[in-house]
Amino acid sequence: MNPTDIEKLKRHTALLERIFSHMPSPMVYMDRDFRLVLVNEAFANRMGHKPDFFVGKGYFDLYPDENRKAIFRRVVETAESYAAFEDEFGRLPQENMEFETYWDWRLQPVKNDQDRVIGIILQLTEVTEQRLAREKWEVYRAGLERSNRELQDFAYTASHDLQEPLRKIQAFGGLLTRKFTNILGAEGLDYLGRMVQAATRMQHLIEALLMYSRVTTHARPFQQIDLNETLKEVLSNLESRIEETQGQVDVGVLPTLDADGYQMIQLFQNLVGNGLKFHREGVPPVIRVMEVSAQGDPSPDSPTLSAKEASRIVVSDNGIGFADIYLDRIFAPFQRLHGRTEYEGVGMGLSICRQGALFMVDLPRSHSAPDPK
């Protein structure tokens, strides 16, 4: 090599060392015996020393860590098939620090022209904030799950306990009506009828609450569910209501999903039942259930799903509809847009549909949000 080439090589080497030294992330270059060859300023500043302090010293002489030493060795020994190593949230041994910091560790083997590892580049990215945020989130999530379980258990137990006194009220109300009609008179019978009617309505509310709590507490194992068969069962269950309203239910070709079969029946029975219930006076209800293309319109519960992974099921009807301002309200428990004398029910059908949306279908391959008419 002539003097000119040697000078160019020196300048090139010096330039690379300056670039390495000024990289914003803490970086270290060490030989295959883990002796420090180059240490950039970001790493040295983190450790509380000048870069020259580290050169020539063994990394694990400075920072003994047998577990990490084994990892470093594995990178060297398997570099032919092991391009890099990343260790999420590893601690960095820093001096004079009042609190621990956490880092993503990335090890990149460096090879010579003979494909032999001659060293390792260690690059660090601080993720302390992410680590602390994740820890807080895990604590919050665990507390939320525990709270939800307690609320679900309470709702289920309380609903069962409340049913017994209501049954007694209804039973004794019936006995009073049959045995003491003459004594009670018209006014007494009216009061008694209102009492029994209120107890019956309370029972319906409790039954709806029980059904709502069972969405998550009594979920069944997923299995292959043919929605075409599901809709046949739903229409069979609603046969008398369809005849009563002179309704028409058109069902397209539907997919097969991994789902909780019972909850899928519950979902479509609520949606189709609503279409039959909330029809316009003098206009027979027409309900349509069909799968449409999910292209460009992924599931709102999983926006990363592709069109091939998602199944969009639309339930529509020609009923009375509702104003957009009520869109959130109609999915809340016990919320009604009409008086009890206009339409039967306790206002839980769509709440149960929404509550079960995350539990009744196995993603990827989900239904989209239904048309809540």
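The quantity called pLDDT is the predictor's confidence in each residue, on a scale from 0 to 100. This is a predicted model, in which local features need a pLDDT of at least 70 and side-chain atom pairs count only at pLDDT 80 or more, while totals for chains, interfaces and linings use all residues. Residues are numbered from 1 along each chain as its sequence is written, and side-chain values use heavy atoms, with hydrogens and water left out.

The protein chain has an average pLDDT of 76, and 72% of its residues score at least 70. Residues 298-307 have a pLDDT below 50, although this stretch makes 16 contacts (heavy atoms within 4.5 Å) beyond near neighbours in sequence. Where pLDDT is low, the predicted coordinates should not be read in detail.

A nonpolar core is a set of buried Ala, Val, Leu, Ile, Met, Phe, Trp, Tyr and Cys residues joined through side-chain atoms within 4.5 Å, where buried means under 20% relative accessible area, with a 1.4 Å probe and protein chains only. The largest such core has 23 residues, and among those with the most contacts inside it are Met30, Phe72 and Leu122. Leu122 touches, among others, Met30, Tyr59, Phe72 and Trp105, leaving aside residues up to four places away in sequence. A second, separate core of 21 residues includes Val234 and Ile265.

Helices here are DSSP runs (H or I, at least four residues), numbered from the N terminus. Helix α7 (residues 227-237) packs against helix α9 (residues 261-277) at an angle of about 55°, with their axes, which are lines fitted to C-alpha atoms over the stretch in contact, 9 Å apart. Val234 of α7 and Ile265 of α9 are among the residues that make this contact.

Methods: Buried means under 20% relative accessible area, exposed over 50%, partly exposed in between (1.4 Å probe, protein chains only). Axes are lines fitted to C-alpha atoms, for helices over the stretch in contact, and angles run from 0 to 180 degrees between N-to-C directions. Helices (H or I, at least four residues) and strands (E, at least two) are DSSP runs, numbered from the N terminus.
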